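Me: I would like to learn how to read helices and their packing from a set of coordinates. Please take one feature at a time.

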Amino acid sequence: MALSSLLLMPIKPSPIPSFKFQHSSLFSFKKTLTLTPNPNPNLRPTTATPLKMSTTVQALNLHTLLSDAVNLIQSSPPTWHSAILSNFVIFVLGSPILVTGLSLSGIAAAFLLGTLTWRAFGSSGFLLVATYFVLGTAATKVKMAQKEAQGVAEKRKGRRGPGSVVGSSTAGCICAFLSIFGVGGVGYSRLWQLGFVASFCTKLSDTVSSEIGKAYGKTTYLITTFKPVPRGTEGAVSVEGTFAGLLASILLAFVSCCIGEINAPEAVICVIASQIANFGESIIGAALQEKEGFRWLNNDAVNVINISMGSILAVLMQQFVLQNWRM
């Protein structure tokens with residue numbers, strides 16, 4: 001073949017399928033990655049960081065802890081654990097009120113009293129003691145400046161110490177222990193509850209009559225001779241103070257009846273027993289307190305005798321008077 005003919009022949013380029021296939025595949029893969037729309041544009045991918053997971057776990061643990069605490073406080077019948085926890089919460093929340101009527105050591109003693117009361121009689125028994133504390137503290141604060149000027153006010157601006165707390169609650173604590181350990185069986189549990197209420201009705205009546213008598217009593221008389229004596233004299237009484245103490249006893253007995261601690265006839269018993277006990281306490285104060293041979297008979301000791309008389313009288317009246325009247 002001539003060289004000229006060879007040069008004039010058309011040259012067909014050979015295809016390169018491998019390059020074309022690779023290019024097409026790469027383009028399609030890139031398009032799929034970059035151009036495929038999100039089927040749910042409102043749904044955003046989330047990733048849980050360790051910090052978020054830790055916060056969630058802490059929230060769940062706190063919720064569980066609070067739930068367990070509430071269930072423990074609501075335990076029925078009350079337990080020592082529920083009594084301690086309930087008192088701790090109430091004492092923390094009520095600390096501004098507690099410090100106005102109690103010293104620090106007095107608060108510690110009151111915490112033990114509150115724990116024992118909750119364990120024995122539940123929230124209703126605790127409410128009774130709290131009512132007694134509020135009313136007694138309020139009466140102590142009445143005309144405090146005048147009482148201090150006359151030298152008849154309670155020490156520490158009326159803030160009671162542990163001796164006063166123990167002296168005011170000894171009979172109630174004994175009744176609480178008798179109830180917790182079931183002394184006498186189920187039939188006697190009501191008696192211990194009555195004695196508990198009567199002891200605090202007696203003490204509140206004594207506190208209010210004394211403090212209101214110091215503040216508003218026009219004339220105070222020695223209970224053994226009925227001769228006028230200065231305010232604050234041991235064993236002295238006044239009409240104003242006696243009437244105020246009676247009203248305080250009626251009020252606390254009424255509260256006890258409303259919250260189910262006692263019934264109406266038992267409330268009457270508590271009021272009568274408290275007035276008899278306070279009369280006897282005034283006689284003891286006038287005849288023996290601060291006398292030779294009875295130096296040990298201070299206010300706290302007299303308080304123990306007073307509330308014990310009120311508690312015992314209420315139990316005896318329920319057994320021998322109320323029972324016979326029902327028959």
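The dialogue below goes through helix length, capping and packing.

Reply: This is a predicted model, in which local features need pLDDT of at least 70, side-chain atom pairs count only at pLDDT 80 or more, and totals for chains, interfaces and linings use all residues. Residues are numbered from 1 along each chain as its sequence is written, and side-chain values use heavy atoms, with hydrogens and water left out.

Me: Which residue caps the N-terminal end of α11?

Reply: Asn 263 does, with a side-chain oxygen 2.9 Å from the backbone nitrogen of Glu 266.

Me: How do α9 and α11 pack?

Reply: Axes are lines fitted to C-alpha atoms over the stretch in contact, and angles run from 0 to 180 degrees between N-to-C directions. Helix α9 (residues 186-216) packs on α11 at about 50 degrees, with the axes 8 Å apart. The two are therefore oblique to each other (under 35 degrees is roughly parallel, over 145 roughly antiparallel, 65 to 115 roughly perpendicular, the rest oblique).

Me: Which residues of α9 and α11 meet?

Reply: Contact means heavy atoms within 4.5 Å. Among them are Arg 190 and Asp 206 in α9, and Glu 266 and Glu 281 in α11.

Methods:
A polar contact is a pair of N or O atoms within 3.5 Å; within protein, one must be able to donate a hydrogen and the other to accept it, and residues adjacent in sequence count only if both atoms are side-chain atoms. Helices (H or I, at least four residues) and strands (E, at least two) are DSSP runs, numbered from the N terminus.
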